[in-house]
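I opened this notebook to record what I looked up in the structure. The entries follow the order in which I worked.

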Amino acid sequence: MSQDTQPEYASLRIEEGIAYICIDVADKSVNTLSTPMTGRFEEILDELQDTPPIEGVVIYSGKAGHFVVGFDINELQELANNPQDILPMLKRGHALAARLESLKVPVVAAIDGTCLGGGLELAMACHARIVTNNKRSKLGLPEVQLGVIPGLGGTQRLPQLVGLQTGLDMILGSKQVDAQKAKRLGLVDDVVHPGILLQVAAETARKLYAAGDWQERHKSSISEYFSNPAEMVNLAAKTPARKLIFNQARELTRKKAGSHYPAPFRAIDAIEAGYRGGFEAGIEAESRAFDELVKTDVARNLINLFFMKQEVDKTSPIPWNTKAYPVDKIGVVGAGLMGAGIAQVAAYQGYAVRIKDVSDESIGRGLQYCKDLIDKLVRRKKISEPMGDVMFGHISGTTEYTGFAQTQMVIEAVFEDLDLKKSIIKDLEERLGDNAIVASNTSTLPITELAKASKRPENLLGMHFFSPVHKMPLLEIIRHPKTSSKAVATALEVGRKMGKTCIVVNDGPGFFTSRVIGAYINEAGWILQEGASIEAIDKAMTDWGFPVGPMKLVDEVGLDVALKAAGTLQDAFSKRWSSPTALKAVAADGRKGRKNKKGFYRYASGEADAVDETVYDLLPGGRERQDIDASVIQQRCWLAMLNECAYCLQEGIVEHPRDIDIGVIFGLGFPPFRGGILRHADSVGLARVAADMTKLAEEFGSRLKPAQIIVDKAEKNASFYA
Ligand code: NAI
């Protein structure tokens, strides 16, 4: 017996006593939950009431590799931008989940591929979950990353399935787990090959139906859990331990997220409300929190950021039909911090990597660095041990250029020295094929200047990775006037395959990121010179939302490196740029920062422990520091950074405001909750920004005078984003 419907969100068919609900949103590459989807599910459940007897329901996706990726983020953005009462919408979703839970037959979710957010919440309302061993099968609740919390019962059902501590970890850290881990945690019932998914799901439904105990088995039903007197006794016994877990979660969240991100705190509140008052109380707290959070600036900014990142990950400034050169073998010159980091990330993605350095010792050090990173992945169960061996087997070293003739792309990461880099480009071009791409990882040297050493400048560009390469998500691709679109397409393809978010910028002193971070550090240096303490500067900026303060950042980057970059920028923009002498004086004392354990901070334990007071002896004012207001420090630093971003836009170094915001957030640690530096400037209002900068310029120096593009936009009452 079979009954078919062909709606555009989900269809129902009945075969051999099992009702199959196939989620398949028409004209979309992935499935999302939305108001129309809820409507369609309600219709299907109505239809099921009138069908002949069935033994179970199987919910699956018609899209290979994607179950349901979450709530429709367009609808979420609409809600964030046009605040309205969304409680009725949430209530409707809960009612649907409750209807599924209380069906007279078991419901089994058959999951192949991504099962995130609302998708996982739907699956958790089912009586069992079967997931495929597809590499793409990932389960998690990532809502906190978007400034909201799960809104369809996820804060209640997940901790019940996987335990309080793991549930908190997954929700607060927006963590995703693969099929095997999901099974270990108790989040799913079985892991199977995709070819037998529906068959196993149907069998599971039949077995549960025959046993008649699926409702009891359905651990995720918190109402059941709480109505069980034995559990209530148990719960009372565990209460002090739970209190401790909640308190620790709040403490950890405060340390990690600070006070700028309300969502994780509200998620903890909602989970705790469920534990204290039962399922309904938990759902009510969750709905209230979701409703309030989605209307905050933080959620609006984080949701917009999600869209911007998606756009950057999919689009590029080159003609859309430009084909990349095929690359499967990559050469890396320089096995130092960056070269080894690049090699490991490339090998992780399956590239065969050949590294060249000047000595066996440096090659050995580089390979060991790669090995340590791979071992860490194995220890954390991200990859299996044999997989780790295969990966490490992809990397080999040489002190000559043997093996380089077969590589289709080489990334050089030798010392920051123009002549050395030029000679390497010449060496490489003698050995490489005509179409091979040569990329420089330089952080400041002009690519146009490097291209002068090249016989094939069209194949030369910058690929600026950030340190540590395996952690930092941004890759800045720099093209000089002669770089071909094909070369850019190749760099984009390789960079994206390495898992990086890539922005393409045009060449100029310091390109985009080094120039902008240079302006920020420069201003902090002036504030230090004027008498502020190192602690006050760093605290002001971390309070504003940066992960580290500018002085600690200089220690991380290295004072020598920072000064070299500052020199390049000072020379290039001497008409409007001025550098303080403070940083030079500190560097002249032999302080390089973390790398020689001597900088603005002390490194007795290996980490930056405390400010090194002796630095003040090198500075104007000595150890008597001035009390400079945190708001003034914050304003000067972010506006100095903004001004340089505006110049980059004005000069065409970066072509789209979106790329600037992605660049500062993913490369430079600009606080994500502000949505990006240009978006933040827009929200302050450019007229006010221009007026503040003009005033600051009069007081502290003309470098803070607003770029013309800011002045023009302020006059027209315009903004960076339409
Ligand atoms: P590093 O000092 O750790 O490594 C440089 C490596 O190049 C050394 O192993 C050295 O032996 C090797 N080398 C020197 N001459 C060579 C030659 N002729 N042939 C082969 N290898 C040679 O330096 P790091 O930090 O890895 O920086 C490398 C490049 O990456 C520089 O251009 C730097 O500006 C850039 N960069 C550095 C970042 C950082 O945070 N360290 C961030 C982004 C870019």
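Domain bounds here come from an automatic or database domain assignment. I note at the outset that this is a predicted model.

**Entry 1: domains.** I took the domain assignment of the protein, which gives domain 1 as 10-293, domain 2 as 329-507 and domain 3 as 514-715. I then looked up the separation of domain 1 and domain 2: their centres, taken over C-alpha atoms, are 42 Å apart.

**Entry 2: ligand shell.** Which residues are closest to the ligand? I found that 22 residues surround the ligand, with Gly 334, Gly 336, Met 338, Glu 416 and Ser 467 as the closest. Helix 15 (337-348) and helix 18 (418-431) each supply at least two residues of this shell. Helix 15 gives the most, with three residues. By class, I recorded 11 nonpolar, eight polar and three charged residues in the shell.

**Entry 3: a cis peptide bond.** The peptide bond from Ser 467 to Pro 468 is cis, with omega near -5°. Pro 468 is found in the loop between strand 16 (460-465) and strand 17 (474-479).

**Entry 4: positive phi.** Most residues other than glycine have a negative phi, and most peptide bonds are trans. Glu 16 has a phi of about 45° and is placed in the loop between strand 1 (10-15) and strand 2 (18-23). Asp 27 has a phi of about 60° and lies in the loop between strand 2 and helix 1 (35-49). Are these residues buried or exposed? Glu 16 is exposed, because 10 other C-beta atoms lie within 10 Å and the cut-off for exposed is 12 or fewer. Asp 27 also counts as exposed, with 5 C-beta neighbours inside 10 Å.

**Entry 5: helix 26 and helix 30.** I examined the packing of helix 26 (residues 630-650) with helix 30, whose axes are 8 Å apart at an angle of about 90°. Helix 26 is therefore roughly perpendicular to helix 30. On the helix 26 side, Ala 646, Leu 649 and Gln 650 meet Gln 708, Ile 709 and Ile 710 of helix 30. This contact has four nonpolar, two polar and no charged residues.

**Entry 6: Asp 712.** I located Asp 712 in helix 30 (residues 708-715). Asp 712 is partly exposed, because 14 other C-beta atoms lie within 10 Å. I also looked up its separation from Lys 486, 226 residues apart along the chain: their C-alpha atoms are separated by 36 Å.

Technical notes: Residues numbered from 1 in each chain as written. Predicted model: local features only at pLDDT ≥ 70, side-chain atom pairs only at ≥ 80, totals over all residues. Helix = DSSP H or I, 4+ residues; strand = E, 2+ residues; numbered from the N terminus. Buried ≥ 20, exposed ≤ 12 C-beta atoms within 10 Å, placed from the backbone. Axes fitted to C-alpha atoms, helices over the stretch in contact; angles between N-to-C directions. Parallel < 35°, antiparallel > 145°, perpendicular 65-115°, else oblique. Contact = placed C-beta atoms within 7 Å. Nonpolar A, V, L, I, M, F, W, Y, C, P; charged D, E, K, R; others polar. Near = placed C-beta within 6 Å.
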